[in-house]
Amino acid sequence: MSTQTHPDVLEKLVSLCKRRGFIFQSSEIYGGTGSVWDYGPLGVELKKNLKDRWWHSMVRARQDIEGIDAAILMHREVWVASGHVAGFTDPLVDCRNCKKRFRADDPRIKGTPGTPDAQCPACGMKGTLSEPRLFNLMFRTFMGPVEDSAAEIFLRPETAQGIYVNFLNVQQAMRQKVPFGIAQIGKAFRNEITPGNFIFRTREFEQMEMQFFVEPGTDMQWFDYWKEQRMTWHRSLGLAEERLQFHQHTTEELAHYARAAFDIQFDFGGTLGFQEIEGVHNRGDFDLTQHQKHSGKKLEYFDQPNNRRFVPNVVETSVGADRTTLALLVNAYREEQVPGEEEGRTVLGFAPSLAPVKAGVFPLVKKDGMPEFAEKLAKELRAGFPVFYDESGAIGRRYRRQDEVGTPFCITVDGQTMQDGTVTIRDRDTLQQERVAADRVRSVIAERIGVGV
Ligand code: GAP
């Protein structure tokens, strides 16, 4: 598989994201928390736009999917039933020489770990890698004041289980008929052994998951349907066609709950290359059956017209909000020369609907009533979408500052504005400027970013 079709921009992005208020290392002043990140003012807008986009297409725009927001803390038995307590493990290998730890399936390992021919990918020594061993990835804590095994609970490693245990609550309350789905967005926690690559693999992250309950026997049909739907959604975010692909899981790759699975992969560039951003899984009746067994409660659907009961099959779509945010950043990042300018520019070419700030508003100079006019315009626009007002520095520099954070439009108030009430709107990508009456700016921009005013 090709891994070098796009340059590696991760390092540049980490620095841009910190400098411009997208993403900071968690607890940075204390030296940081390993592989945990905080979203700053622009990052939180970007991720929120992404989550809203998902929620709209999966919940609000559909009659057959309901949304929920289940708690992070769940009954301990949930994770026994789901198989996570026993099986949520990644085989790992340690290097006896350099003390580094790797996933046993790390493609950089040459040879079979535990044998003399295996070579450590870090220090290069042969025969120093241990046999693979299992490691529990769930964060453990205690509920209540007593720290014993009866009070032991886990931070959820996936949001899906909150949906399964609420399957009948939602179906009955909303009078839904199979096939139907339940969706939620929420935090998940995994004590990942080899986290890294910025927000690609972290220990605290957000998932956007949907479980679609179908009649047994129709599961593969729905699996194919969701696989296509979800790829179409990723394309609609503006992720480049050639950077997206499916990867079908082989029998060895399938998770313990899955009958069939496809990953939707994005090409992150550099050596990371194509990696999963979303999983579409046919989970069969595994989860509902397991919860029936462990809770002693029936989780059957009553098919009234046919007067029969059955345990539905589940097709799951599971996408990482943080990982897709990283895909958006990587996809959007570009450096280019501007005709007629010596200094190049860095651009985050987000789709306007996803950009954290929709418009920059600038007075050309800080006099002749321009700042007052521009501030008033910025205030009016803010009622419709996020706007950044900036009056400091040369106008070219102000444009470039907005290009670097992906602001699709910049509005400048100049001498002509003071005479005829028109302003210029500069397009981030084409660099074209057009003159528009100030009182039309809000509807012109709203139409281009696809929001109502
Ligand atoms: N409920 C199924 C499930 O959790 P998964 O493939 O383990 O499946 C789904 O995770 C998605 O969650 C992944 O495609 C990825 O986008 C995201 N994800 C998983 N682990 C992650 C981590 N440690 N950091 C960031 N995102 C993660």
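Student: How do the residues of the shell around the ligand divide into nonpolar, polar and charged?
Tutor: Keeping in mind that this is a predicted model, the shell around the ligand divides into ten charged residues, five polar ones and five nonpolar ones.

Student: And which residues are the closest to the ligand?
Tutor: Of the 20 residues that surround the ligand, the closest are Glu-158, Thr-202, Glu-209, Glu-276 and Glu-316.

Student: Which atoms of Glu-276 and Thr-202 face the ligand there?
Tutor: For Glu-276 it is a polar side-chain atom, which lies 2.6 Å from an oxygen atom of the ligand, whereas for Thr-202 it is a backbone N or O atom, 2.8 Å from a nitrogen atom of the ligand. Arg-190 also takes part through its side chain, where an N or O atom is 2.9 Å from an oxygen atom of the ligand.

Student: How much of the ligand's accessible area does the protein cover?
Tutor: On its own the ligand has 560 Å² of accessible area, and the protein covers 92% of that.

Student: Which strand gives the most to the shell?
Tutor: That is S12, with five residues; S12 spans 274-284, and strands S9 (204-214) and S15 (313-320) likewise supply at least two shell residues each.

Student: What does Leu-348 touch?
Tutor: Leaving aside residues up to four places away in sequence, the contacts of Leu-348 include Leu-13, Leu-16, Phe-22, Leu-329, Ala-332 and Tyr-333, and also Asp-403, Glu-404 and Arg-428.

Student: What about Thr-424, is it buried or exposed?
Tutor: Thr-424 counts as buried because its relative accessible area is 9%, and buried means under 20%. This residue lies in strand S21, residues 422-427, and among the residues that Thr-424 touches are Tyr-399, Cys-410, Asp-414 and Arg-435.

Student: Last one, how many helices and strands does the chain have, and what share of its residues count as buried?
Tutor: The chain has 13 helices and 22 strands, and 49% of its 453 residues count as buried. Among contacts between residues at least 6 apart in sequence, 64% join residues at least 24 apart.

Technical notes: Residues are numbered from 1 along each chain as its sequence is written. This is a predicted model: local features need pLDDT of at least 70, side-chain atom pairs count only at pLDDT 80 or more; totals for chains, interfaces and linings use all residues. Side-chain values use heavy atoms; hydrogens and water are left out. A residue is near a molecule or strand if one of its heavy atoms lies within 4 Å of it. A polar contact is a pair of N or O atoms within 3.5 Å; within protein, one must be able to donate a hydrogen and the other to accept it, and residues adjacent in sequence count only if both atoms are side-chain atoms. Accessible areas come from the Shrake-Rupley method with a 1.4 Å probe; for residues, only the protein chains shown count as cover. Helices (H or I, at least four residues) and strands (E, at least two) are DSSP runs, numbered from the N terminus. Ala, Val, Leu, Ile, Met, Phe, Trp, Tyr, Cys and Pro count as nonpolar, Asp, Glu, Lys and Arg as charged, and the others, Gly among them, as polar. Buried means under 20% relative accessible area, exposed over 50%, partly exposed in between (1.4 Å probe, protein chains only). Contact means heavy atoms within 4.5 Å.
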